[in-house]
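Let's take a friendly walk through a protein model. Have the sequence and the 3D view ready.

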Amino acid sequence: LGLSSAQHGLELQAHWHPEKERAKAVRLADRQEGAKTQLRLVCAQREKVKDMEEILSHVEEVKNHTELYIGVSTLENLVKGGRIGRVTGLLSSLLNIRVVMQMKDHELQPIVKGRGAKTFKKWLDELITSLSERSVAEIGISYSGNADWAKEMKESLQAYVEKPISVLETGSIIQTHTGENAWAILVRYYS
């Protein structure tokens, strides 16, 4: 999942600090989910810390305490992009299949499949249960299409994190791959 604006920000960070070591931070953060969070932390650290290894260690720590979930309402765009077969896409469209995936080891892995909106609601209830047992640093939500589900998720999740949850419309590049009414939730836990 390439977040082009985050990548651009990381490249700017490397430009501000052109030493070869700084480029390692860009490559590391670009390959990981939560690049936006990592970018923000790298920028905050660059003034405080002079040692690049300490910054890289901090980025790695953030990566290890971050989870990214993505929900898609249609597999049509995944078929068009060649990520799944036509038969699978056709069957999922006919059956109104919804899929929730988690980014692990640089791959989207399906964790929940079901019919209709209840699939997403049931998954959200499970996420809320898991959040109640952990210390959450921040949550971010992005969506494509209608913002209603994103706002509903925000209302349900806000009680589990002190910082306000940001809800942003996903950029057109990501929407090309996910289709309408897709969403993503990034959860970063305290170390």
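The sections below look at strands and at charged pairs.

## Before we start

This is a predicted model, where local features need pLDDT of at least 70, side-chain atom pairs count only at pLDDT 80 or more, and totals for chains, interfaces and linings use all residues. Residues are numbered from 1 along each chain as its sequence is written, and side-chain values use heavy atoms, with hydrogens and water left out.

## Two parallel strands

Strand 4 (residues 136-143) runs parallel to strand 5, and 4 bridges pair them. (Strands are DSSP runs of E with at least two residues, helices are runs of H or I with at least four, and both are numbered from the N terminus; strands pair if DSSP finds at least two bridges between them.) I141 has V167 in strand 5 as its bridge partner.

## Salt bridges

The structure holds 4 salt bridges, each a side-chain nitrogen of Lys or Arg within 4 Å of a carboxyl oxygen of Asp or Glu. One of them joins E60 and K63, with the closest N and O atoms 2.8 Å apart. These two residues sit about one helical turn from each other because they are 3 residues apart in helix 4 (residues 52-64).

Another joins E138 and R188, again with closest N and O atoms 2.8 Å apart. E138 lies in strand 4 and R188 in strand 6 (residues 183-189), so this pair ties together parts 50 residues apart in sequence. E138 is buried at 12% relative accessible area, and R188 is buried at 13%. Buried means under 20%, exposed means over 50%, and partly exposed lies in between (1.4 Å probe, protein chains only).
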